[in-house]
Structure formats: C-alpha cells, structure tokens
Amino acid sequence: MAVRYALEELAERVPGNSVEVRVPPFGVTQCIPGPRHTRGTPPNVVETDAATWLGLVTGAQSWAGAVAAGKVSASGLRADLSECLPLFPELGTGVRQ
C-alpha cells in the first residue's frame, strides 16, 4: 500500500509520461514531462525493489547511493529522479546513504 501511494504521489507531483517507474510486483507509474511513450519498452525506465523505493521516497536512501549500490536500475536520459526525491523527507531517518 505504501509503495503504491508513493508511486501515485510521484505522478501527481511530477506529472508526465516520459519516465516509467517500476516497483515490481507492487506498481508502476509514469512521470516527468517530455515525450510520451505509447508502445513497447519505454526509453526511460526506473526499476527498484519496494524497500529501496520506500527508502528513496522518505530520504532514508539517497538516489546516488542507491544507483551506485545497484539497488536502482535507471536507463534513459530522463531516468534520474534525484530532483524529485525524497517525497516525504519527514518520514526518513535523516541519514542519506
């Protein structure tokens, strides 16, 4: 439930269709303004597990740290969510890895 809510919140705060964010098996959303993707595999994809996603949205995990550790797969020129995260820093521990 928390993963889906955070995905919905991201799409609301940064609307668009140029980046697909996947947190299998919990959910997927599209965000970031730019060219719309309609068929096949999108050119800009972010994929991660639920624990990492929740760490990113709360600020307990930094974007750069998660990417460097291989916890986030981000492909495409627009697939950098560092400017959009955290969504809920008040929920994080304040420790960004």
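In strand β4, the residue bridged to Val-45 is Ser-75. This pair belongs to the contact between β3 and β4, two strands that run antiparallel and are joined by four bridges. The model described here is predicted.

The bridge partner of Val-21 in β3 is Val-46. Strand β1, residues 19-23, and strand β3, residues 45-48, pair in the parallel sense, and three bridges connect them.

Taken as a whole, the sheet is open and has four strands, in the order β2-β1-β3-β4, and its pairing is mixed. The edge positions are held by β2 (27-31) and β4 (72-75); each has a single partner strand, so one side of each lacks a neighbour in the sheet. From one strand to the next, the twist averages 15°. Helix α1, formed by residues 2-13, packs on the sheet and touches β1 and β2. The direction of α1 makes about 10° with that of β2.

Arg-22 lies in strand β1. Beyond its neighbours within four places in sequence, Arg-22 is in contact with Gly-27, Val-28, Thr-41, Pro-42, Val-45, Val-46, Glu-47 and Thr-48. For one of these residues, Pro-42, the separation along the chain from Arg-22 is 20 residues, and the C-alpha atoms of the two are 11 Å apart. In a regular strand, side chains alternate between the two faces of the sheet.

The cysteines were examined for disulfides, and the structure holds zero. A disulfide is a covalent bond that links the sulfur atoms of two cysteines. For Cys-31, the closest cysteine sulfur is that of Cys-84, at 6.1 Å, which is too far for a bond; the cut-off for a disulfide is a sulfur pair within 2.5 Å. Cys-84 is likewise in no disulfide, and its nearest cysteine sulfur is that of Cys-31.

The accessibility of these two cysteines was also computed. Cys-31 has a relative accessible area of 0% and is buried. Cys-84, at 16% relative accessibility, counts as buried, because the limit for this class is under 20%.

Definitions and conventions:
Residues are numbered from 1 along each chain as its sequence is written. This is a predicted model: local features need pLDDT of at least 70, side-chain atom pairs count only at pLDDT 80 or more; totals for chains, interfaces and linings use all residues. Side-chain values use heavy atoms; hydrogens and water are left out. Two strands pair if DSSP finds at least two bridges between them. Axes are lines fitted to C-alpha atoms, for helices over the stretch in contact, and angles run from 0 to 180 degrees between N-to-C directions. Contact means heavy atoms within 4.5 Å. Buried means under 20% relative accessible area, exposed over 50%, partly exposed in between (1.4 Å probe, protein chains only).
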